[in-house]
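Subject: Structure handover

Hello,

Below is the structure I said I would pass on. My notes on it follow directly after.

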Amino acid sequence: MVVANDLSSKILPRVLIVSRRTLRKNKYVDFVGEYHLDLIVSSGAVPVIVPRVNGIHSMLQSFEPIHGVLLCEGEDVDPSLYADAESSGLSPEDMEEIKKVHAEDMTIDREKDSIELTLARLCLERNIPFLGICRGSQILNVAAGGTLYQDIDKELGTTTTTTKHIDYDNYDGHRHEARIVEETPLYKLFEEMEIMVNSYHHQGVKRLAQRFVPMAYAPDGLIEGFYDPNRYDPKEGQFLMGLQFHPERMRLSGSDEFDYPGCALVYQEFVKAVIAFQKKQVNATQMEMKRKTTTLVKSFSQAEFLEANTVLSKQQENRLQQMGATVRNSCVYMKRMKRKEEQERAMDKFSAERLSDLLSFHHMMARLCSDAIKRKLLEPEATDRTIESSFFLNY
């Protein structure tokens, strides 16, 4: 595990985490569970909290660069975002009963839904590492085209072996069995076929999006973990995983020690992918800048173009090449060439006699300057001597 203090001199990758909103002393308070933040920091990344504030979903571009996204905790995902394709079959009476049992969870937060779905889709489109915990895994599945059970007990528990997925009287201590699928990332992290996981949810994955593969099941068949096999290679910056349980909270009673080493490894592998993704992004940016710089320098050195929207004749291009124009001094050479062309056009208007007089004058000035230089070299003390103005008047 990487210690944060050892990384103080480095630019660390950024992991976006959306806060959860609650009411405290008649005021809204946004928060993120400290266990998530501790695991991200200790693994070597910087958690950047995206506040659940009205309108923030339209400002997400301001949180760039994004090297990873962790979504966790929150109320139920709005059923209208996924339930159209498959009806839950729940009656109004069922919904009223569910509300009585899960009153706080069933409060729909459309702003949080919008923020998190936007981030999840961004990760899917740009291959940004993503870890979804509980609600975060449900958001990921919906973003990829999957659906959810609106209530596990009502839709799943009545037809198969019932598994208790939530216990409000033993909230942190309650566990249920989860069977891990072999040859999946979760199996490699936990190295066990069966583990006991916590549960804080009454919803879960119903139809898994096509791109995902299950990693673990509860005894009642509910998917407890899934991933994208085409997007999982932490060393190469690829990580796309959803877990229905909360590994960060699976700790021995009265201790910070994890139930399984794999609980912390989930976050460490995620951050490993985040670090690799940042490195690839930096390398790609540097390569692109180098390519553009090389192209520009080559173009300028060959005088193919010097200013935007400027069309040069072949004669002008050849002249600029002969003058040695480069990308740094191109503007100076352009002005010099333009001034010279203007002088040449002005000379063409002079008569032959006038041009002969100008030539004689410049020859005379050349001799005067040469004589003055010789005198100054022979008589250093006479530094203030000047050329007599009568020579100019004679002209």
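In helix 4, the buried residues are Arg-135, Gly-136, Ser-137, Gln-138, Ile-139, Leu-140, Asn-141, Val-142 and Ala-143. Buried means under 20% relative accessible area, exposed over 50%, and partly exposed in between, with a 1.4 Å probe and protein chains only. Helix 4 covers residues 135-143, and since 9 of the 9 are buried, it is largely enclosed by the rest of the structure. Helices (H or I, at least four residues) and strands (E, at least two) are DSSP runs, numbered from the N terminus.

This is a predicted model, in which local features need pLDDT of at least 70 and side-chain atom pairs count only at pLDDT 80 or more, while totals for chains, interfaces and linings use all residues. Residues are numbered from 1 along each chain as its sequence is written, and side-chain values use heavy atoms, with hydrogens and water left out.

On confidence: pLDDT is the predictor's confidence in each residue, from 0 to 100. Its mean over the chain is 81, and 79% of the residues reach 70 or more. It stays under 50 over residues 301-309, where the model has 17 contacts beyond four places in sequence, and also over residues 381-395, with 13 such contacts. Contact means heavy atoms within 4.5 Å.

Next, the strands. Strand 6 (residues 130-133) is covered on both faces: Phe-130 and Gly-132 are buried on one side, Leu-131 and Ile-133 on the other. In a regular strand the side chains alternate between the two faces of the sheet. Strand 6 runs parallel to strand 5 (residues 68-72), joined by 4 bridges, and Leu-131 is the bridge partner of Leu-70. Strand 6 also pairs with strand 13 in the parallel sense, over 4 bridges; here Gly-132 stands opposite Gly-242. Two strands pair if DSSP finds at least two bridges between them.

Val-69 is in strand 5 and counts as buried, at 1% relative accessibility. Beyond four places in sequence, its contacts include Leu-119, Cys-123, Pro-129 and Phe-270. Val-69 and Arg-14 are 55 residues apart in sequence and 8.4 Å apart in space, C-alpha to C-alpha.

A nonpolar core is a set of buried Ala, Val, Leu, Ile, Met, Phe, Trp, Tyr and Cys residues joined through side-chain atoms within 4.5 Å. The largest one has 37 residues, of which Leu-70, Leu-131, Phe-190, Met-241 and Phe-270 touch the most other members. Helix 7 gives the largest share of this core, 8 residues. Another core, of 35 residues, lies apart from it and has Val-48, Tyr-82, Val-142 and Ile-223 among its members.

There are 5 aromatic pairs in the structure. Rings of Phe, Tyr and Trp (its six-membered ring) pair if their centres lie within 6.5 Å; planes under 30 degrees apart count as stacked, over 60 as edge-to-face and the rest as tilted. The pair of Phe-190 and Tyr-260 is edge-to-face, because the ring centres are 5.9 Å apart and the planes stand at 70°. Phe-190 lies in helix 6 (residues 185-190) and Tyr-260 in the loop between strand 13 (240-243) and helix 7 (261-301), so the pair ties together parts 70 residues apart in sequence. Both Phe-190 and Tyr-260 are buried. One aromatic cluster is formed by Tyr-227, Tyr-232, Phe-239 and Phe-270.

Regards
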